[in-house]
Amino acid sequence: MATEHGTETGFETEQEYVETEDGTRRRLAFVDRFPEAARTARICLWIAFAAFGVGALFGLIQALHRTNTLRIIPSSDYYTILTGHGVLLALVFTTFGIAGLFHWANTRSLGVSPTSRRLTQGWLWTMSIGTLLAAGTIVGGLFDWIPASADVLYTFYAPLEAHPLFYIGAALLIVGSWGAGLDWFLQYREWRSHNPDARIPLQSFMVMTTMLMWYLSSAGVAIEVVFFLIPWSLGLISQVDPLLTRTLFWYFGHPVVYFWLLPAYVVWYTVLPKLAGGRLFSDPLARVTFVLFLLLSTPVGFHHQYTDPGIASGYKLVAMTNTFFLLLPSLLTLFTVVASMEHGARQQGAKGYLAWLKDLPWERPEFSGVALAGIMFAAGGFSGMINAGMNINYLIHNTIWVPGHFHLTVGTAYALTLMAIAYWLVPQLTGKRLQFRGMAAIQPFVWFVGMVLMSNAMHRGGLAGIPRRTAEPQYDQVTFDAVVGTVGEMRIQIAIGGTLLFVGAMMFLAVMAGTWALGKPNSQLRVNGSIPEPLSGAEESPRVLDNLKLWTAIAIALVLLAYGIPLYDMVADGILWPGSVPFPE
Amino acid sequence: MHVHRFERLWFGVSLVLIVAFIGTIIYGAVGPGIAMVDDSGGTVEPSVIADGNYEQTNNFREPGVYDTEDGVEVYVIARQYFFQPGTTEPIRVPAGEPISFHVTSPDVTHGFNLAGTNVNTMVIPGQVAEFSVTFEETGEHGIVCHEYCGSGHHTMEGQVVVVEQSEFEGGEN
């Protein structure tokens with residue numbers, strides 16, 4: 001497809017308009033072509049952004065409390081706030097943001113509307129009610145007159161017990177996401193009936209492989225919650241095995257990380273090259289990457305349990321090997337992202353080995369945000385390699401290094417990518433021009449600087465042994481010796497960084513609220529949704545890549561290999577044994 | 001399928017990197033002998049620990065430091081919100097010889113980390129975490145509970161004091 005690269009990042013093009021029969025021009029932005037799907041995507045994104053706002057406020061409270069900068073809550077309530085921060089950001093902001101993005105991506109790339117309005121409404125309501133139940137019980141922990149609480153953090157390790165409504169809400173959120181996946185697969189089936197021989201469009205391929213991975217992995221937490229924690233919290237069974245339930249959690253707990261990241265990858269592969277002024281380097285390798293994630297994301301969960309007793313070393317070694325091979329698709333992505341950006345810059349006339357970097361459109365927040373998210377993810381990848389090493393993990397396990405790491409991954413690679421792409425996508429979903437563009441242009445940099453300050457200090461704090469998940473990391477009998485810098489200086493960086501991140505979050509929400517409230521519908525947009533063809537297209541890749549049944553079967557086989565015997569070991573001595581009664585009793 | 005020359009090169013280098021990483025870990029295990037916390041500590045009913053009926057188990061003794069024929073054995077209970085021993089009285093162990101730790105919990109999941117070192121384990125009800133540590137130097141190490149265990153979690157701490165072998169007085173064996 002030959003297009004002028006210069007116009008691809010600019011205002012909507014002539015392709016976005018058609019002549020109608022009465023001779024007027026009609027626009028064909030996403031909201032015009034698929035009004036119903038655009039509405040669904042908008043609802044998902046608004047709920048995601050609302051959760052993001054509250055979660056960000058909780059994050060600010062924690063950053064200031066932990067560093068002893070400003071304390072507005074007692075330390076015992078810190079954990080309620082922390083639970084809310086984790087659940088709202090890592091489960092609600094992500095799941096709804098992903099649903100909105102995927103609903104757009106699948107519909108756009110297939111060119112087919114979702115097939116069942118009732119199904120769409122069903123999963124939206126299920127996810128929303130689940131969110132309200134879970135968030136309501138968490139907030140209940142702050143008020144004595146509310147009889148429910150869920151001070152269990154977002155990992156909810158038994159035997160710490162939450163109110164049953166918390167578990168029911170979490171289960172509904174996940175079941176709702178399964179319904180969303182069904183919606184997208186039915187859309188694909190509809191498209192396939194009209195296109196029997198065509199290759200699966202790239203974005204739809206990515207959506208479906210991600211969801212297959214999600215079905216396979218979220219089954220673990222669904223079993224944990226539905227068969228163990230809900231009956232246990234209702235008093236129907238008296239005890240659960242803490243090791244078994246946390247193993248089921250981590251069976252899900254690592255792939256969920258890729259459930260957060262793969263939507264960012266969808267953007268990096270399919271939209272970022274265009275925003276940089278070029279096109280995707282290679283469609284086949286994008287498919288290979290997503291297939292590798294489907295295969296390897298799940299049989300790795302034991303790497304979160306390297307320091308757990310009750311699990312033989314061999315199982316941990318298998319998980320570690322898989323984990324390191326999981327680096328491969330991310331390293332391939334790094335290549336593609338950088339190569340696509342460089343190609344885009346050179347198409348615009350940039351020269352030099354590194355000088356092309358400065359010719360990229362850094363003034364456009366949809367580009368700068370996505371690119372900065374990619375850079376931060378590279379840093380997060382390196383600290384993740386430390387986490388993945390069985391023996392060096394001993395030094396940093398459950399220290400503040402770990403949240404330092406995942407604020408680079410889910411907290412930036414996912415979060416900043418979603419914010420940045422919202423600057424580009426929300427106009428197409430609403431038909432309104434983005435408002436407060438000046439604020440939007442600096443917002444990604446505010447987030448980036450805030451995260452550099454906070455995350456580097458958290459990593460270094462972890463090396464000194466400062467624990468995560470604690471309201472007051474100052475003890476009488478423990479001293480923390482910083483390897484680089486001082487503990488006091490780290491505190492200052494965390495406080496300033498956390499504050500900047502909160503400011504960045506509020507700037508983003510102001511732009512979104514402004515666009516929603518002040519933008520005029522049916523405006524001529526400054527963006528267009530056309531995505532140029534890759535340099536190397538799907539027709540060059542083997543058709544077996546599109547055989548989703550084959551890849552799913554292999555993924556299941558790998559999971560059985562990695563988890564079959566260890567899970568059997570845990571249940572062989574009794575499914576509920578050795579068991580624990582709920583705490584607080 | 002056409003793959004760009006640079007991309008093939010990158011693919012190869014990535015694979016080498018991955019294999020090298022795994023190699024260093026394997027070396028750590030078989031060379032310096034860094035062992036993982038595993039299932040060697042066995043299981044124990046949490047209510048037995050909560051009630052102090054240690055005689056009903058064969059893999060956990062009354063909390064304390066024991067100087068046995070097989071070396072120094074330390075039995076620790078991590079509970080809301082203290083280590084026993086560790087919090088009210090430090091765990092005193094000798095330098096220069098392997099110390100076997102056995103840690104379990106009668107209530108919720110805790111952590112046991114000597115801050116800034118690689119002595120680090122989860123403490124899970126029903127499981128006994130067993131690991132061996134050799135302290136080369138005398139001195140004090142702070143114990144931190146690094147897993148959220150309830151509203152008083154941030155108060156849960158303790159201490160290990162490493163003394164010269166001549167100053168070490170183990171409990172009865």
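This is a predicted model: local features need pLDDT of at least 70, side-chain atom pairs count only at pLDDT 80 or more; totals for chains, interfaces and linings use all residues.

I started with polar contacts, meaning N or O atom pairs within 3.5 Å, where within protein one must be able to donate a hydrogen and the other to accept it, and residues adjacent in sequence count only if both atoms are side-chain atoms. Across the interface of chain B and chain A I get 20 residue pairs, both at pLDDT 80 or more.

Residues are numbered from 1 along each chain as its sequence is written, chains are lettered from A and ligands numbered from 1 in the order in which they are written, and side-chain values use heavy atoms, with hydrogens and water left out.

Next I looked for salt bridges (a side-chain nitrogen of Lys or Arg within 4 Å of a carboxyl oxygen of Asp or Glu). I found 1 between chain B and chain A. A:Arg469 pairs with B:Glu147 there, at 2.8 Å, N to O.

Then I checked the extent of the contact (heavy atoms within 4.5 Å). Chain B puts in 64 residues and chain A 72 residues. The buried area (accessible area, 1.4 Å probe, lost on putting two parts together, summed over both) comes to about 5700 Å², with 67% from carbon and sulfur atoms. On the chain B side, B:Met36, B:Tyr148 and B:His154 lose the most area to chain A, together 14% of what that side buries.
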